[in-house]
Amino acid sequence: MADAGFLELGGVCKGYGTGDARSEVLADIDLSVARGELVCIVGYSGAGKTTLVSMMAGLTAPDRGTITLAGKPVTGPGAERGVVFQNYSLLPWLTAFENVYLAVDQRFAEWPKEKKRAHATQHLALVNLAAARDKRPSELSGGMRQRVALARALAADPEVLLMDEPLSALDALTRATLQDEIARIWETSKKTIVLITNDVDEALLLADRIIPLSVGPAATFGPAIAVPIPRPRDRKSMNHDARFKAVRNEVIAYLLGPGRRRGEADRAAAPVALANASESGAEVAA
Amino acid sequence: MRSDDKYLEISHLTKVYPKPDGGEAVIVRDFDFAIAKGEFVCLIGHSGCGKSTVLSIAAGLLPPTEGGVLVDDKEIPGPGPDRGVVFQSPCLLPWMTAFDNVLLGVEVVKPLSTRAERAAIVTRYLERVGLAGAMHKQPSELSQGMRQRVGLARAFALDPKVLLLDEPFGMLDSLTRFELQEVLVDTWAADRKTALMVTHDVDEALFLADRIALMTNGPAARLGGVLDVPFPRPRTRAAVLEHPDYYVLREKLIAFLEEHAVSKAA
């Protein structure tokens, strides 16, 4: 019962500024994630995906609407929600092991030291970084850094893992490798995961359910699309799975059709701040 | 007299760099390929396989070690406005508007035209790429996707014999990339310039190309195969995705890329 609506967002709205300078980022966001589910939210850059993650993480509060986790309102950041950002956010003066250990030490302060060390080591091994445990972030590739961030988030044993475009900064090959790792880790840990991405194929490979986000301003969710493809999923052989083709074409059709036009109508009425758009790399139709 | 089916001809192309230890690093070896007039070809391969080297040599920006490139039956002497090039970064002049950035090239290739004629060319191409309302904005006021639209307009406005595109959408997120692919396919359909585009994006190649040339991994990369893309033109995303061969070809391409994936520590 509680499992069906483990993470719940109801009528969430968020905007910035006041009066004429007011711009709505997200409008009427409803979401219900079941315990153990892997949901991917797919949307354009600049649509408000990061704002959405920040609210779920408790780093910003919605203007209207409610966010609850296991029935309890989210009012601030908390260890039961782990976050992985695109830019890794590792402490540069600490080794991979120390970065992970820091989170374990915060979360499980009462554990004996040896248990904490073993726990950190185990999670580095989970992301295949056992050999690089004593390297600092500057000595690691982008993909390895993101593995450390993932190990750190998982080691704190959160109830839900929020991932904000975790692989967008990586090259195609590294991205594919890490997608497979995330799928494997999810299979073994059965964590509830909300992963935000702009890559339809990443979502198809990972998600139980894909939720498209329309372009902003006032971005909102399109219809959720279940991904009934058996796991483990193989990016090559999926291509002759009729369900894969159907879901993929449906997601793309929404994002390039209704999900894009919605934003264009709004933009015609109220041009968005272009300077901001260019920083985020957002596409703004003229 | 050559026929038009070898309008851009890359012949026995080899590129070798000397190594500090006295050895040689062979990037590309004996790369042979010809593109017909009005054809759109995508060259696909992994990052670092040497596909950009081939494109840079065709652009005249890099001398080949052996072999050569012919355009319309003449060996290319170096870079020139008969070949319009679009890079991953649009490299716009930051103090000029979108209009002036495109005009700069048009002035070079059409020195005898009137000011009104040149302005009409610039306007036509900026409109085609969907920038009618942003023509007089500077690059800093444009999103990355819009800047690359200017880059496309600038290349097309030169009215080149050949278009060379080097991962032009590589810096964009995957949805913006979808949009720009549509802009490119529509702009291209209007003048059907002979085009060679380098990419590692399977969907991009299938949507744009008449043929896809597959490149093996370096060192000593070579042509690993050629795939015909039978989708009718004009193309729309929906029609291409629904084509019965789409996912068959997509799987073939992914299989090729997986086969040639170098194992590297992620």
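Two strands pair if DSSP finds at least two bridges between them; strands (E, at least two residues) and helices (H or I, at least four residues) are DSSP runs numbered from the N terminus. In this predicted model, V83(A) stands opposite L162(A) in β7(A). Residues are numbered from 1 along each chain as its sequence is written, and chains are lettered from A in the order in which they are written. Because the model is predicted, local features need pLDDT of at least 70 and side-chain atom pairs count only at pLDDT 80 or more, while totals for chains, interfaces and linings use all residues.

**Chain A**

Chain A contains 9 helices and 10 strands. Its radius of gyration, taken over C-alpha atoms, is 19 Å, close to the 19 Å from the globule rule for 286 residues, so chain A is as compact as a globular protein of that length. The rule is 2.2 Å times the number of residues to the power 0.38. The C-alpha trace of chain A spans about 60 × 50 × 45 Å along its principal axes. A residue is buried if 20 or more other C-beta atoms lie within 10 Å of its own, exposed if 12 or fewer, and partly exposed in between, with C-beta atoms placed from the backbone. By that criterion 46% of the 286 residues of chain A are buried. Two residues are in contact if their C-beta atoms, placed from the backbone, lie within 7 Å. Among contacts in chain A between residues at least 6 apart in sequence, 70% join residues at least 24 apart.

Strand β7 (residues 160–164) of chain A is largely enclosed by the rest of the structure, because 5 of its 5 residues are buried. V160(A), L162(A) and D164(A) point one way from β7(A), and L161(A) and M163(A) point the other way. In β8(A), I193(A) is the bridge partner of L161(A). From β7(A) the chain crosses through helix α5 (residues 172–189) of chain A to β8(A), a right-handed β-α-β crossover; with the strands pointing away from the viewer, the path from the first strand over the helix to the second runs clockwise.

**Strand pairs**

The table lists pairings from both chains.

| Strands | Sense | Bridges |
|---|---|---|
| β6 (residues 81–84) and β7 of chain A | parallel | 4 bridges |
| β7 and β8 (residues 192–197) of chain A | parallel | 5 bridges |
| β1 (residues 8–18) and β2 (residues 24–35) of chain B | antiparallel | 8 bridges |
| β9 (residues 211–215) and β10 of chain B | antiparallel | 5 bridges |

**Chain B**

In the hairpin of β1(B) and β2(B), 5 residues lie between the strands, and G22(B) takes a positive phi near 95°. I10(B) stands opposite F33(B) in β2(B).

An open sheet of 6 strands in chain B has the order β6-β7-β8-β3-β9-β10, with mixed pairing. Its edge strands, β6 (83–86) and β10 (223–228) of chain B, each pair on one side only. R211(B) stands opposite D228(B) in β10(B).

P63(B) sits in the loop between α1 (51–59) and β4 (66–71) of chain B, and P63(B) is exposed, with 10 other C-beta atoms within 10 Å.

**Interface**

The contact takes 35 residues from chain B and 34 residues from chain A. On the side of chain B that touches chain A, the largest share, 6 residues, comes from α8(B).
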